[in-house]
Structure formats: structure tokens, C-alpha cells
Amino acid sequence: MKLLFINTLLFLFSVCGYSQNLVPNSSFEDSTGCPFGSYQIDKVVSWSSAGGSPDYFNACASSGGASVPTNFCGYQNAASGNAYVGLYTFNKGVSYPNNREYIQASLISPLSIGSKYYVSFDVSFTLDNIEIGYAADKLGALFTNVLSYDSDNPPVLSNNSQVYIDTIISDTLNWFHFEGSFIADSAYQKILVGNFFSDLYTDTFEIDNSLYTAYYFIDNVCVSSDSTDCLLIENVNMFPSSSSFEIFPNPSNSGFVYLQLPRNLINTVFGYSIINSVGQTVFSNSSASISDIFKINVSTLPHGVYFIRIREGQNQWTKKLFIN
């Protein structure tokens, strides 16, 4: 009877299969040692550079600016655990057109042709570096069987990847959880993360035109045939939908903030107000924007915590704003 039971389990296992996150060391916790400066992706177990010189940040680092939450690219706690990586997704400048950085890992097992896979990762924007002056879209994941990419041999920009972010992420306070899916058309063995679109096909927002890059932190990369394997992590916000808006820079110390509006509010009259930390409305107005970027002057507001609220019809959305 025991032999029959075991054989039945083996049969069900072979027919039904099982799911798991196919990305090894998906939150970059396992390392060969603490990072002590920039360009240390080689310390992350199972991951390496597929182009450029991505950075590794871990709370174990005691010097060199590669710690968590404080490092040479900004201040951000890990979305989970104690570590994350960072890379350039855009580089303006005649000397470096289409310059990108990429990370890569071999999947635990190849993808099955014709199967649907769910992909997710957590992403956070940062501005606190002498090179970062832009926010950009198109950060995504490329699946491939090419095994020879490295810092001197990056992938050719194809203006496509199986999943990618089509909205500019510009919030410097929060982590956002991106999710996508695709049908595997090959038994792909490797995942690359970065921006696989050229400058021409990458949308950007200029924050400081004297600087030239867009840079993002990345954590919790997941690939699975079961969407429940790549669930949203506590304290990470869901990727902004078309009914939301974003504020940047945030915190603000320039006297202005920009709202990235949902597309349905373009050329539509909407109300907006600024509310202080005790619930008092300190500013209120209405307007219509001809683009998805709307500028607000906050130079008269004292330092502190505020909330920006947008109203359109019966709908309203509120986001926290820090003014330094």
C-alpha cells in the first residue's frame, strides 16, 4: 500500500508539476563579502554585470558608501532583507549615447515554451548623486539564451524586452512593485534586468539638466509560472496605475514639485490642494494640464510633511510630500 501511495504522488508530481521563483538569490542577500565601494555586483552570489558597472548595496558594509540605508547614491531601506542593487537606465550626453547598465543571472531551470510566466521586481528612484538628473521609464527584464554578456559586451538595444515599465518612476521615498507577464517562445535560461530601449524610445523627465543619468535601486526579482509566487511585499507600494499620480522630487528642496498625472487627466480640469500635517489646507486651486507633468510652486511653505490631494469629479487621490 505504501509503494502504491508513493507511486501515486510521483505521478501527480510529474503531471501537475510545481512552481517556484526561478531567480536565484532574488533579493541579493547572499554575497561573497560586504561591498566596500561602487561597481561591486560581482560580490552578489549568482549575479553579474551584463553591461556597465552596476552597484551592490548591503547593510553589512561599514565604509565606502555601499551600505543600506545610506550609500553614495542616496538613502533607502531595502524592500526586504538587507541588500539591493543599483544601475543606470539612461545616460544623456554626446559622449555616451544609449549608455546603460545591466545585471544578469542564470535561471534555476529553463522556461517552458508556450507557458505563461509572471515577472516582478521592486524599484526605487534616487536623486542623491552628483550624476543623477533624470527620471526615466522602460526599466524591465529581458529573457535570453545568450550566455556571453559582460561589462565589455552588453546586449544590443532592441527597443523591446518581454516586460518593462512604461511609466516614469520618480518617487525617491518609496519602493514600487512592478508586475508583468509573457508567454515563453523559447526555453530561456537567463534573465537580464535594465533598460533595453534606446534613448529615442526612452521617455525621461529632466530634473537637473546639468546632470545626465537616471539611476534606480532594484530588489526582489521574481519569475514564476504561478503569480502567487511573486506577491507584493509588505511596505512596498503597488506600481502606480493609470488612476494614480506621482510627486517628484520628493523630498523637495528646490521650491517646486512636479506631479506626474494619469493620462485621463490631461486637458481635463482638476482640483489640487496642499494639506499640512495637522489637516489644514494651506493651498487650493484648480487647473488643466496640457501634458502629464504639472508643476507646483512650494517655495513659500515651511519645511515639514504635507499631503497633495488631486480631485477630479467624484475621485480623489492623496500623496505625502516632504519639504526640506
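Phe 28 has a relative accessibility of 0%, so this residue counts as buried. In this predicted model, Phe 28 sits in the loop that runs between helix H1 and strand E1 (47–51).

Look for Lys 138 in the loop linking strand E8 (134–136) to strand E9 (139–144). With a relative accessible area of 6%, Lys 138 falls under the 20% cut-off and therefore counts as buried.

Next come the cis peptide bonds. One joins Phe 248 to Pro 249, with omega near -10°, and another joins Asn 250 to Pro 251, with omega near 10°. Pro 249 lies in the loop between strand E16 (246–248) and strand E17 (256–260), and Pro 251 is found in the loop between E16 and E17 as well.

How far can the model be trusted? The mean pLDDT of the protein comes out at 87, with 91% of the residues at 70 or more. Among the elements, strand E12 (residues 190–195) has the highest mean pLDDT, at 98, while helix H1 (residues 2–16) has the lowest, at 42. Over residues 1–17 the pLDDT stays below 50, and this stretch makes 2 contacts in the model beyond near neighbours in sequence.

Methods
Residues are numbered from 1 along each chain as its sequence is written. This is a predicted model: local features need pLDDT of at least 70, side-chain atom pairs count only at pLDDT 80 or more; totals for chains, interfaces and linings use all residues. Side-chain values use heavy atoms; hydrogens and water are left out. pLDDT is the predictor's confidence in each residue, from 0 to 100. Helices (H or I, at least four residues) and strands (E, at least two) are DSSP runs, numbered from the N terminus. Contact means heavy atoms within 4.5 Å. Buried means under 20% relative accessible area, exposed over 50%, partly exposed in between (1.4 Å probe, protein chains only).
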